[in-house]
There are 2 protein chains.
Amino acid sequence: METQKQLTIGLFGFGVVGEGLYKVLNQTPSLNATIKKVCIKNYGKKRDAPASLFTTEKEELLNDRDINVIVEVIDDTEAAFDIVSTAMKNGKDVVSASKKMIAEYFTELLALQKETGKSLLYEAAACASIPVIRNLEEYYDYDLLQSVRAIVNGSTNYMLTKIIDEGLDFKQALLQAQQLGFAESNPTLDVEGYDAVNKWAFLLTHAYGIVEKTDALLFNGIQNIHATDAVVANEKNQEIKLVAQAQKLKNGKVAAFVLPQFVNQNDHLAFVKNEYNGVVIESGFADKQFFYGKGAGSFPTASAVLSDISALRYEYKYEYKKLYHHQPHALSNDIFLRVYVSFDDISLIPKENFEWIEEWHAREERKYLVGIISVASLHGKNWWKENGVSLILLPEPVIEEIETRKLKQRSLELAGIVN
Amino acid sequence: METQKQLTIGLFGFGVVGEGLYKVLNQTPSLNATIKKVCIKNYGKKRDAPASLFTTEKEELLNDRDINVIVEVIDDTEAAFDIVSTAMKNGKDVVSASKKMIAEYFTELLALQKETGKSLLYEAAACASIPVIRNLEEYYDYDLLQSVRAIVNGSTNYMLTKIIDEGLDFKQALLQAQQLGFAESNPTLDVEGYDAVNKWAFLLTHAYGIVEKTDALLFNGIQNIHATDAVVANEKNQEIKLVAQAQKLKNGKVAAFVLPQFVNQNDHLAFVKNEYNGVVIESGFADKQFFYGKGAGSFPTASAVLSDISALRYEYKYEYKKLYHHQPHALSNDIFLRVYVSFDDISLIPKENFEWIEEWHAREERKYLVGIISVASLHGKNWWKENGVSLILLPEPVIEEIETRKLKQRSLELAGIVN
């Protein structure tokens with residue numbers, strides 16, 4: 001038997017994830033990992049572990065030379081970055097589950113990894129238990145990824161399932177999600193797409209070597225999904241999903257966005273219901289793989305943290321192969337999208353921004369259109385995010401060769417087939 | 001940019017997989033991999049590549065010092081082993097897609113890897129494009145795997161889909177599978193479960209460190225699935241799948257088998273239709289992940305071979321962590337199974353071998369029973385594989401604590417609730 005590294009862990013946070021980890025590591029000596037000290041905010045709560053295990057002083061962990069791994073499962077973004085960066089500078093490997101922190105400080109964290117040579121693993125921050133980072137890094141370690149499409153936020157997917165499949169309205173769906181613990185009491189981060197785009201930003205680095213802030217990506221949440229949209233989805237036998245998508249273009253660049261999307265029943269993502277997450281990877285030879293698992297909750301998160309801890313025994317590090325070993329891809333917003341837009345008041349819709357409009361449903365109280373619009377004309381604009389306007393992508397929404405399409409559209413118009 | 005290893009490849013086989021690889025590697029210089037020479041059986045066919053690329057002399061590849069990687073995508077088991085072992089002894093890394101060869105020579109291949117220090121990768125041999133080996137090795141690199149359940153044979157899954165969901169009879173289903181190229185003209189290997197158990201044998205090593213020949217595993221194919229079985233499945237709104245299963249027991253050992261199984265609609269494996277494969281991994285914290293993709297065909301196979309080639313640029317090797325770095329698990333056949341058995345002639349069924357019988361359906365022309373039987377009493381026996389007897393596991397088929405169950409069953413009998 002080769003020697004594995006013995007891990008002595010300092011743990012930040014002792015909620016369900018932290019306590020679960022403590023128990024599993026205690027019961028599994030073969031993991032060669034012991035929690036030496038746990039840092040908590042305050043001693044108030046009664047905890048099912050020896051009192052001597054706990055401290056409220058972060059330095060007790062960060063300055064302990066015996067501790068070679070810091071595991072951080074806390075909620076506070078700034079505090080988490082402080083802990084993670086200090087730990088790495090102090091020569092410790094780190095496992096983190098803080099997606100917002102990873103996304104916001106990504107450039108700094110890349111630099112810290114280079115500078116310290118320490119490992120920072122954060123599989124739990126992406127799709128909880130689905131090993132998406134690990135597979136993008138290790139298995140799809142070439143530049144032949146055609147596309148990655150994913151549902152990365154469990155709360156909104158739970159709500160959409162209730163709205164589309166079970167006919168609940170938005171408020172009822174949100175209330176149910178909150179009651180089940182899938183959504184925070186302030187659900188803005190999830191519902192308005194911030195959580196999803198945070199994850200998508202750093203997954204783009206592992207998929208394509210793209211390092212961008214979230215504001216470079218077109219994104220929205222599900223806050224404007226209207227009962228009419230659900231009716232339309234059901235009529236077409238489609239689902240509405242909040243889809244994070246990245247797709248290689250003919251010019252070698254990558255288009256990426258996080259937007260609600262109608263998906264057909266034969267799309268793997270239609271299978272992803274309730275609080276689950278799913279990832280569809282289209283790789284070389286046009287072959288598709290689908291990864292599926294719980295995207296939120298304490299067990300899936302603890303499960304991913306455990307895999308990361310376990311990998312540290314073999315000194316595993318993300319190599320960021322697409323960024324450092326390949327020619328990284330550039331992000332492009334130079335594409336057009338096929339969109340559905342529903343609205344109450346036509347004057348809110350800048351029709352002149354559309355390349356062309358394919359469908360027009362104006363008879364009902366709530367109106368909608370289907371048209372082609374450039375990403376550039378959506379970027380930085382708010383008309384499609386506010387005043388009850390709901391923009392949803394159609395299946396296969398990306399159009400690259402707009403000129404060809406335009407000519408075709410024009411000839412159809414001239415022939416009187418469409419108008 | 002760190003330096004990647006430059007790969008100079010000798011390729012054995014130029015069918016659809018081999019030719020596809022040749023084209024992709026040619027079009028993708030960033031992969032740092034060039035095919036120097038291709039060994040084929042004979043020059044007969046016209047091929048879409050320069051004539052100077054081909055040879056019929058294997059030594060031209062195996063003895064070429066420039067060639068540092070041998071990729072082998074041929075059909076002949078003995079020839080494949082000869083090529084692979086010679087290549088490794090000659091200091092070359094190897095990528096193979098020959099599942100039968102990997103299974104039959106597994107012990108020898110383990111020894112060769114140790115002895116030569118060379119890498120042997122064979123992801124394409126397991127579930128084609130699903131990265132199951134890589135994830136079992138790298139992501140589930142601890143001993144907390146509760147179970148792995150999988151559909152690993154695309155041909156039989158295609159046939160079962162046609163039989164159960166579309167009402168075809170066995171012969172029609174087989175004919176369709178053959179017409180679509182999912183089954184060989186001699187389909188015994190697939191249909192009688194040999195292909196599935198071959199794959200399961202070496203996946204057990206990556207999952208649990210178990211190294212066993214296939215005859216240590218209870219297995220069967222789908223050759224005896226009867227129209228009555230399909231009717232029963234439909235009545236219960238269940239599917240029948242050929243499930244490869246491995247499950248950790250309370251005593252720390254692992255039960256493993258490949259048998260037809262009724263699965264409920266909420267089982268992830270029920271989602272796996274037609275020629276697809278799927279793997280459900282239950283890991284620490286009772287969390288489940290599902291991997292899904294095409295299990296057969298030239299594109300998925302080529303896709304997996306390409307990922308393996310790509311990984312060799314970073315000198316990737318299987319470490320067989322469960323075998324060498326952990327305490328390997330032992331295989332146990334000391335369990336009981338809940339089985340459905342349908343038959344025409346009751347005299348073929350050794351009723352005395354059952355612990356107890358829960359259901360008895362004798363009125364129809366084709367009869368069936370549901371009962372509890374030990375693996376030991378099935379092992380090495382043929383009554384349940386021949387003369388049209390069809391044995392199918394029920395959902396959650398494994399019973400460990402037979403004594404407790406027996407007592408409970410007896411008390412129910414005494415109470416007159418069952419008999």
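**Figure 1. The pairing of strand 2 with strand 3 in chain B.** Strand 2 (residues 33-39) of chain B is joined to strand 3 of chain B by two bridges, and the two strands run parallel. Strands pair if DSSP finds at least two bridges between them; helices (H or I, at least four residues) and strands (E, at least two) are DSSP runs, numbered from the N terminus. Opposite Thr55(B) in strand 3 of chain B stands Cys39(B). The view belongs to a predicted model, in which local features need pLDDT of at least 70, side-chain atom pairs count only at pLDDT 80 or more, and totals for chains, interfaces and linings use all residues. Residues are numbered from 1 along each chain as its sequence is written, while chains are lettered from A and ligands numbered from 1 in the order in which they are written.

**Figure 2. The open sheet of chain B.** Six strands of chain B form an open sheet with parallel pairing, in the order 3-2-1-4-5-6. Strand 3 (54-55) and strand 6 (120-121) of chain B each have a single partner strand and stand at the edges, so one side of each is left without a neighbour in the sheet.

**Figure 3. The surroundings of Glu19(B).** Glu19(B) is found in helix 1 of chain B. This residue counts as partly exposed because it has 19 C-beta neighbours inside 10 Å; a residue is buried if 20 or more other C-beta atoms lie within 10 Å of its own, exposed if 12 or fewer, and partly exposed in between, with C-beta atoms placed from the backbone. When its neighbours within four places in sequence are left aside, Glu19(B) is in contact with Phe14(B) and Asp48(B). Contact requires that the C-beta atoms of two residues, placed from the backbone, lie within 7 Å. Glu19(B) and Ala49(B) are 30 residues apart in sequence, and their C-alpha atoms are 8.7 Å apart in space.

**Figure 4. The packing of helix 7 against helix 11 in chain B.** The axes of helix 7 and helix 11 (residues 194-208) of chain B are 8 Å apart, and the helices pack at an angle of about 25 degrees. Helix 7 of chain B is therefore roughly parallel to helix 11 of chain B, a term for angles under 35 degrees. Axes are lines fitted to C-alpha atoms, for helices over the stretch in contact, and angles run from 0 to 180 degrees between N-to-C directions. From helix 7 of chain B, Val132(B), Ile133(B), Leu136(B) and Glu137(B) meet Leu203(B), His206(B) and Ala207(B) in helix 11 of chain B.

**Figure 5. Strand 10 of chain A and its partners.** Ten of the eleven residues of strand 10 (residues 254-264) of chain A are buried. Strand 8 (residues 218-219) of chain A runs parallel to strand 10 of chain A and is joined to it by two bridges, with Phe219(A) opposite Val258(A). Strand 9 (residues 238-248) of chain A runs antiparallel to strand 10 of chain A, with eleven bridges between them, and Ala244(A) stands opposite Val258(A). The hairpin of strand 9 and strand 10 of chain A has five residues between the strands, and Gly252(A) there takes a positive phi near 90 degrees.

**Figure 6. The contact between chain A and chain B.** Each chain brings 46 residues to the contact. On the side of chain B that touches chain A, helix 13 of chain B gives the largest share, eight residues. Strand 12 (residues 287-294) of chain A and strand 12 of chain B run antiparallel and are joined by five bridges, and Phe291(A) stands opposite Phe291(B).

Note on methods:
Parallel < 35°, antiparallel > 145°, perpendicular 65-115°, else oblique.
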